[in-house]
Amino acid sequence: MTELTNLTVAQIRDGHRAGDFSAVEVAEAFNANVAGAKALNAFIVETPEHAIAAAKAADADRSAGTLKPLSGVPIGMKDLFCTNGVQTTAASHMLEGFVPRYESTVSQKLWDAGAGMLGKLNLDQFAMGSSNETSYFGNVISPWRRKDGGNAALAPGGSSGGSSSAIAARLCPAATGTDTGGSIRQPAAFTGISGIKPTYGRCSRWGIVAFASSLDQAGPMARDVRDCAIMLENMAGFDPKDATSLDMAVPNWEAALSSDLKGKTVGIPREYRLDGIDPDIDAMWDAGIAMLKDAGAEVVEISLPHTKYALPAYYIIAPAEASSNLARYDGVRYGLRDLPQGAGLQDMYAATRADGFGPEVKRRIMIGTYVLSAGFYDAYYTQAQKVRTLIARDFEQAFASCDVILAPTAPSAAFGLGEKTSDPLAMYLNDVFAVPASLAGLPAMSVPAALNREGLPLGLQIIGKAFDEQGVLNAGLAIEERAGFTARADKWW
Amino acid sequence: MAIDQATVRKIASLARIAISDAEAAAMEGELNGILGWVEQLGEVDVTGVEPMTAVIPNKLRLRDDVVDADPLTGGNRRDDILANAPAPQHGFFGVPKVIE
């Protein structure tokens, strides 16, 4: 029998249902992999007992004939989702020791569907970062290494870097992620797995530690497109506790998966062809175009004229919202308190926030505070929101002539830890292809498509119309079937 | 428009983040780098363009006017709310003395 930890979510679900193995065997196998992978630092908290309890319930449900959609499937939970009774930190010192007394809507849905939790996954602090180097609990290491004989530690991407590293290393078959400006797609691309950010509003934000509320969206990460569809079905859905939750039925994405793209048109945005880009990225993109043609799609060139302004607009809007959202960390109601001897209330706020936030979080709060301050609000924030309208309009106009858009997920393969930390701007530029879809609230996914000359995975991104996750998943499946991406990292940890 | 260290300290004060002189000096360069880069948005012609307010058109819902309609977010949760407070006192959030 195949090693249980090599099975996909669908294979675990179906194999458990068929009686090929027990859910407890599956949970034990993944618990052992988690326990043996400390070197990756993918988990902040391990919860083997939660996984075993859910597995026992799944085995009992099988005997009773009351199986649920994810019975027997253990998953990883990004440590940005509040979990009742289990420490939730957003990888920050500020929330170290914070134990929620409630459960986020998305995680509750997953537990209600029968899934078990292997642990809380590391991430960039408050989800701010693209390499998982801003976590208070240390860097996550990618299981991948360059095929150059060296053993440089590589970034798993960010902010959902614990999720991507854990899935690529077979520590969990699937995990939750959140995507504000590429935090699901870029780490998926860096580690050779799949991940989808659904339309803004599909997944409830209730109980997710807030970063930039008009952009934050939860989504699944897994090894293939089918698993993403299964997970998303069990994460999405209307929630009255989130004011921006979409009041729409959740489609049966898995049942409707089809890689036959006859009658579909794929747009190729000419502005995404950057000068001086890695030739391996361009070659992968061209191969992806050929794959979608082979699946029956027609391919047309499209224009998204404001693409170059997406990233600067994002780095005004996201920090502005973050500076407002993170004002809640005051040392009074929850989280860290730093009260210097003899300090008053204002000094306590300032000391608590100086101590509790890492450098990148402070940088973004400062930028956000500045662009929202009197005298600068219109020049920065209002201008950025107008540009955001234009970016969304670009997509609207492009979708008049195509059904989905194909582009690279990131401008490079995974980089080494420490290679970009000295220059915040160089780090931000890594999200150049991911941010436009975030600003427009559109569904977008990354699927692994090729290895570069260093033997590292590269991802292709599919961007769809609002609410058309199905179109995105189907195009992703067409690529997955043709790319035949089976490479995985050699175990060194 | 470049910002100086005095401005950095002003922003830090607005954001309620204590910073040292060394941090203010380091941040001056970083913030100017980022702000200089976002200045390019000024090139975009936004004549007649409305700033985005909702990325996906969605009506703001009103819930029924019922007390404690949702058991999770309704009332009578004092102990849960105080459970993570760093210095709860007598069923309240404790803070340093504010009024002399």
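How many residues does the contact take from chain B and from chain A? The answer is 42 residues from chain B and 58 residues from chain A, with two residues in contact if their C-beta atoms, placed from the backbone, lie within 7 Å.

## Before we start

This is a predicted model, in which local features need pLDDT of at least 70 and side-chain atom pairs count only at pLDDT 80 or more, while totals for chains, interfaces and linings use all residues. Residues are numbered from 1 along each chain as its sequence is written, and chains are lettered from A and ligands numbered from 1 in the order in which they are written.

Helices (H or I, at least four residues) and strands (E, at least two) are DSSP runs, numbered from the N terminus.

## The side of chain B that touches chain A

The contact takes 42 residues from chain B. Helix H1 (5-14) and H2 of chain B each supply at least two residues of this side, and H2(B) gives the largest share, 7 residues. Sorted by class, the side of chain B that touches chain A has 30 nonpolar, 6 polar and 6 charged residues. Here Ala, Val, Leu, Ile, Met, Phe, Trp, Tyr, Cys and Pro count as nonpolar, Asp, Glu, Lys and Arg as charged, and the others, Gly among them, as polar.

Let's take H2(B) to begin with. Axes are lines fitted to C-alpha atoms, for helices over the stretch in contact, and angles run from 0 to 180 degrees between N-to-C directions. Pro312(A), Tyr315(A) and Ile316(A) in H9(A) meet Ile34(B), Trp37(B) and Val38(B) in H2(B). This contact of H9(A) with H2(B) has 6 nonpolar, no polar and no charged residues.

Now for H1(B). The axes of helix H11 of chain A (residues 359-372) and H1(B) come within 9 Å and cross at roughly 95 degrees, so H11(A) and H1(B) are roughly perpendicular to each other. On the H11(A) side are Met366(A), Thr369(A) and Tyr370(A), which meet Ile11(B), Ala12(B) and Leu14(B) in H1(B). By class, the contact of H11(A) with H1(B) has 5 nonpolar, 1 polar and no charged residues.

## Strand E11 of chain A

Strand E11 of chain A (residues 457-464) is largely enclosed by the rest of the structure, because 8 of its 8 residues are buried. A residue is buried if 20 or more other C-beta atoms lie within 10 Å of its own, exposed if 12 or fewer, and partly exposed in between; C-beta atoms are placed from the backbone. Both faces of E11(A) are covered: Pro457(A), Gly459(A), Gln461(A) and Ile463(A) are buried on one side, and Leu458(A), Leu460(A), Ile462(A) and Gly464(A) on the other.

E11(A) pairs with strand E9 of chain A (residues 404-408) in the antiparallel sense over 5 bridges; strands pair if DSSP finds at least two bridges between them. Ala407(A) has Gln461(A) in E11(A) as its bridge partner. E10(A) and E11(A) form a hairpin with 5 residues between them, and Gly455(A) in the turn has a positive phi of about 80 degrees.

## Strand E3 of chain A

E3(A) is mostly covered, with 6 of its 6 residues buried. Strand E1 of chain A (residues 43-46) runs antiparallel to E3(A), joined by 3 bridges, and Glu46(A) stands opposite Gly119(A). Strand E2 of chain A (residues 74-78) pairs with E3(A) in the parallel sense over 5 bridges; here the bridge partner of Ile75(A) is Met117(A).

## Backbone details to check

In the loop between strand E3 (116-121) and helix H5 (161-168) of chain A lies Ser159(A), joined to Gly158(A) by a cis peptide bond with omega about 10 degrees. Ala127(A) is found in the loop between E3 and H5 of chain A. Ala127(A) has a positive phi of about 65 degrees although it is not a glycine, and it counts as buried, with 30 C-beta neighbours inside 10 Å.

In chain B, His90(B) has a positive phi of about 50 degrees, although it is not a glycine either. His90(B) sits in the loop between strand E1 (88-89) and strand E2 (92-93) of chain B and is exposed, with 5 other C-beta atoms within 10 Å.

Key:
Parallel < 35°, antiparallel > 145°, perpendicular 65-115°, else oblique.
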